[in-house]
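The points are grouped by topic.

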Amino acid sequence: MSPLQDVTAMAKRIDAQNRADQYRALASFFLDLPKRETLQIMAEAVKGDPDASEGLRELQVFFSEASIDDESVLDEVGSDRTFLVRGVTQKGPRPPYGSLFAGETPEAPGSSMLRLKALYRRAGFEVSESAAESPDYLGVELAFAAALLDKVAVAEGEEAEKLAKMSEEFVRGFVAPFGHAYVQESLGWARTGFCRGMLLLLREFLESEIEFVGA
């Protein structure tokens with residue numbers, strides 16, 4: 001491999017790892033309850049960026065106005081997030097399960113669920129029957145995208161190319177269209193600037209992913 005090829009391969013690995021980290025951070029919104037320590041880290045991370053995106057600006061305003069040390073603020077954020085990602089009432093957005101957005105039901109999943117599970121297996125991941133979340137839960141899909149890109153970041157040669165193409169297939173066929181549809185439906189229901197900001201960040205990131213993979 002030439003020095004130029006070495007540099008190109010290294011750049012691709014770094015890019016894959018950066019994208020994996022972003023997927024992981026977004027997955028956490030769906031998979032983890034918000035904690036004060038996490039919000040404090042985020043508050044510092046979004047400070048002082050004059051070129052911030054719409055999602056980051058929403059978070060900047062939220063953190064500038066809210067006292068994270070106030071227990072009621074943490075409760076409000078937690079309640080808003082649960083409402084958005086768990087489908088606790090019919091008067092709200094559909095919970096983020098791909099089968100629902102594909103016109104299927106969790107009890108009788110159709111072709112989209114079968115294709116999703118097949119892609120997980122091809123990538124070397126097996127979904128346990130005892131898993132707490134369904135394979136088509138948006139948080140799980142975002143976490144899978146991160147894990148797949150982790151593999152891309154350490155693979156070499158043909159294996160790296162194969163995994164990268166699989167990642168692109170997943171972005172185009174599953175997580176990006178599903179995630180975008182979910183954000184469009186749920187954004188108007190968000191009651192806190194934190195949740196609105198996270199949903200906007202998800203939409204912005206998925207739009208950049210679609211552009212990246214050339215869908």
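The charged end of Arg 94 is placed over the ring of Phe 101, 4.1 Å from the ring centre. The model that shows this arrangement is a predicted one. Phe 101 also belongs to a cluster of residues linked by ring pairs, and the structure holds 17 aromatic pairs in total. A search of the whole structure finds one cavity of 30 Å³ or more, while the largest pocket has a volume of about 640 Å³.

**Charges over rings**

- Arg 94 contributes its charged end to the face of Phe 101, with 4.1 Å to the centre of that ring.
- A second case involves Lys 151, which lies over the face of Phe 125 at 4.6 Å from the ring centre.

**Aromatic pairs and the ring cluster**

- Aromatic pairs number 17 in this structure.
- Phe 63 and Phe 194 form an edge-to-face pair, because their ring planes meet at 70°, where an angle over 60 degrees is required for that class. The centres of these two rings are 6.4 Å apart.
- This pair ties together parts that are 131 residues apart in sequence, because Phe 63 lies in helix 3 (residues 54–65) and Phe 194 in helix 9.
- Both Phe 63 and Phe 194 are buried.
- Tyr 97 and Tyr 137 make a tilted pair, with 5.1 Å from centre to centre and 50° between the planes.
- The two tyrosines come from distant parts of the chain, 40 residues apart. Tyr 97 is in the loop between helix 4 (71–86) and helix 5 (98–101), and Tyr 137 is in the loop between helix 6 (111–122) and helix 7 (138–154).
- Tyr 137 has a relative accessible area of 0% and therefore counts as buried.
- The cluster joined by ring pairs consists of Phe 29, Phe 30, Phe 62, Phe 63, Tyr 97, Phe 101, Tyr 137, Phe 178, Tyr 182 and Phe 194.

- Phe 63, a residue of helix 3, has a relative accessibility of 12% and so counts as buried, the cut-off being under 20%.
- Leaving aside residues up to four places away in sequence, Phe 63 touches Leu 39, Met 42, Ala 43, Val 46, Ile 68 and Phe 194.
- Phe 63 and Glu 161 are 98 residues apart in sequence, and their C-alpha atoms are 41 Å apart in space.
- Ala 43 is part of helix 2 and is buried, with a relative accessible area of 11%.
- With residues up to four places away in sequence again left out, Ala 43 touches Phe 63 and Ile 68.
- Between the C-alpha atoms of Ala 43 and Phe 62 there are 8.9 Å, with 19 residues separating the two in sequence.

**Surroundings of Ala 16**

- Ala 16 lies in helix 1 and is buried at a relative accessible area of 3%.
- The contacts of Ala 16, not counting residues up to four places away in sequence, are with Leu 149, Val 152 and Ala 153.
- Ala 16 and Ala 164 are 148 residues apart along the chain, and their C-alpha atoms are separated by 8.7 Å.

**The largest cavity**

- The largest cavity holds about 30 Å³ of space.
- Its lining consists of Leu 26, Phe 29, Phe 30, Met 198, Leu 199 and Leu 202.
- These lining residues are six nonpolar, with no polar and no charged residues.
- Helix 1 (3–31) and helix 9 (193–213) each supply at least two residues of the cavity lining.

**The largest pocket**

- The volume of the largest pocket is about 640 Å³.
- The pocket is lined by 33 residues, and those nearest its centre are Ala 25, Leu 26, Met 42, Met 198 and Leu 201.
- By class, the pocket lining comprises 19 nonpolar, six polar and eight charged residues.
- Helix 1, helix 2 (36–45), helix 3, helix 4 and helix 9 each supply at least two residues of this lining.
- Helix 9 gives the largest share of the pocket lining, eight residues.

Conventions. Residues numbered from 1 in each chain as written. Predicted model: local features only at pLDDT ≥ 70, side-chain atom pairs only at ≥ 80, totals over all residues. Heavy atoms only, no water. 1 Å grid on protein atoms, 1.4 Å probe; cavity = no way out; pocket = protein on both sides within 12 Å on 5 of 7 lines; lining within 4 Å. Points joined across faces, edges and corners; volume = space filled by probe spheres on them. Helix = DSSP H or I, 4+ residues; strand = E, 2+ residues; numbered from the N terminus. Nonpolar A, V, L, I, M, F, W, Y, C, P; charged D, E, K, R; others polar. Phe/Tyr/Trp six-rings, centres within 6.5 Å; stacked < 30°, edge-to-face > 60°. Buried < 20%, exposed > 50% of the residue type's maximum accessible area, 1.4 Å probe, protein only. Lys NZ or Arg CZ within 6 Å of the ring centre and 35° of its normal. Contact = heavy atoms within 4.5 Å.
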